[in-house]
Amino acid sequence: MAENRDAAAQIVIDRVSHVYRPPRGRPVNALDNVSLNIGDREFVALLGPSGCGKSTLLYLVGGFLPVEHGAIRVEGRPIAGPGPDRGIVFQHFALFPWKTVLQNVLYGLEKQDIPRDERTRRAREFIDLVGLGGFEDSYPSQLSGGMKQRAAIARTLAIDPQILLMDEPFGALDAQTRSLMQAELLNIWQRSRKTVVFVTHDVHEAVFLADRIAVMSARPGHIKEIVESRFDKDDPGLPRSPAFVEMVDHVWNLVRGEAILAQRGAP
């Protein structure tokens, strides 16, 4: 599915295909002719069954994988590799266990030509933004799962990327912590107004967080449907509203059909 939104798009994914070629075994066709445009400050979720290429597409946008077929452009420029304009948050925190929260958040800033006092000020600002004020000197082993993910988000935000790439960042959390982190992420996004590309397999999470949901097919992944999900995120009754529940059902039915095909090993 292609879109005619190039003029307003910050990220343009244009007919991208990707094949994994393992050292042993047959090549795996992960993505097939994916086109998707993402606007400045938009929150877009990539949703689909396991193995549909969601994370592959995210890593292509991040520059961690080469674009072999098609093109990906950010602000009109082809992606040539990772860059400070794109920050990534992984599912399993990826914090340095031997560094404190402050030291973890400072890590990315230390790679930039920023005076020490300014680095520390900015790191503390983002630690406060994610609600970890008072835990600057704590080590990851002393933090809960949700607090570790907050620290990981603060570290990524501190380098001030234009685009925030998130690969199932709450997938390893328990249900209660996950719900709290979803609300916290919305608060952070509304304050920082980054462009967010968010990979998830959770339908409720996608509908709750995203402006638009790109529902992907079973492998080889392509865009099956793009669903608008622009609800009032500040409404405390949103998850129980009829419109929200109807949207969750609609998106779930899309994903369910593709999940059945994936289990059957359909091409």
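In this predicted model, helix 2 and helix 3 cross in a right-handed way. Helix 2 covers residues 101-110 and helix 3 covers residues 116-129, and their axes come within 9 Å and cross at roughly 125 degrees. Angles from 65 to 115 degrees count as roughly perpendicular and those over 145 as roughly antiparallel, so helix 2 is oblique to helix 3. If you want to find the place where they touch, look on helix 2 for Val101, Leu102, Val105, Leu106, Leu109 and Glu110, and on helix 3 for Arg119, Thr120, Arg122, Ala123, Arg124 and Ile127. Sorted by class, this contact holds seven nonpolar residues, one polar residue and four charged ones.

Helix 3 has another partner to visit. Its axis and that of helix 4 (residues 145-158) come within 9 Å, crossing at roughly 135 degrees. That angle makes helix 3 oblique to helix 4, and the crossing is right-handed. Here Arg122, Phe126, Ile127 and Leu129 of helix 3 meet Ala154, Leu157 and Ala158 of helix 4. What classes of residue make up the contact of helix 3 with helix 4? Six are nonpolar, none is polar and one is charged.

Now let us turn to the strands. Strands of a sheet pair through backbone hydrogen bonds, either parallel or antiparallel. Strand 1 (residues 9-20) is joined to strand 2 (residues 28-39) by eight bridges, while five bridges pair strand 1 with strand 4 (residues 69-74). Val12 is a handy residue for seeing this: Val12 stands opposite Asn37 in strand 2 and opposite Arg73 in strand 4. Further along, Val16 stands opposite Val34 in strand 2.

There is also an open sheet of six strands, in the order 6-7-8-3-9-10, and its pairing is mixed. At its edges stand strand 6 (86-89) and strand 10 (223-228); each has a single partner strand, so one side of each is left without a neighbour in the sheet. On average, neighbouring strands of this sheet are turned by 20 degrees against each other, direction ignored. For an example of parallel pairing, follow strand 7 (residues 163-167) and strand 8, which share five bridges. Ile163 has Thr195 of strand 8 as its bridge partner.

How do helices sit against these sheets? Helix 7 (residues 242-263) lies across strand 3, strand 9 and strand 10, and runs at about 170 degrees to strand 10.

Our last stop is the aromatic rings. A pair of aromatic rings is described by the distance of the centres and the angle of the planes. The count here comes to seven aromatic pairs. In one of them, the ring centres of Phe43 and Phe198 are 5.8 Å apart and the planes stand at 40 degrees, so the pair is tilted. Phe43 belongs to strand 3 (residues 43-47) and Phe198 to strand 8 (residues 195-200), so this pair ties together parts that are 155 residues apart in sequence.

Conventions. Residues numbered from 1 in each chain as written. Predicted model: local features only at pLDDT ≥ 70, side-chain atom pairs only at ≥ 80, totals over all residues. Heavy atoms only, no water. Pairing = 2+ DSSP bridges. Helix = DSSP H or I, 4+ residues; strand = E, 2+ residues; numbered from the N terminus. Axes fitted to C-alpha atoms, helices over the stretch in contact; angles between N-to-C directions. Parallel < 35°, antiparallel > 145°, perpendicular 65-115°, else oblique. Left-handed = near helix turned anticlockwise from the far one by under 90°. Contact = heavy atoms within 4.5 Å. Nonpolar A, V, L, I, M, F, W, Y, C, P; charged D, E, K, R; others polar. Phe/Tyr/Trp six-rings, centres within 6.5 Å; stacked < 30°, edge-to-face > 60°.
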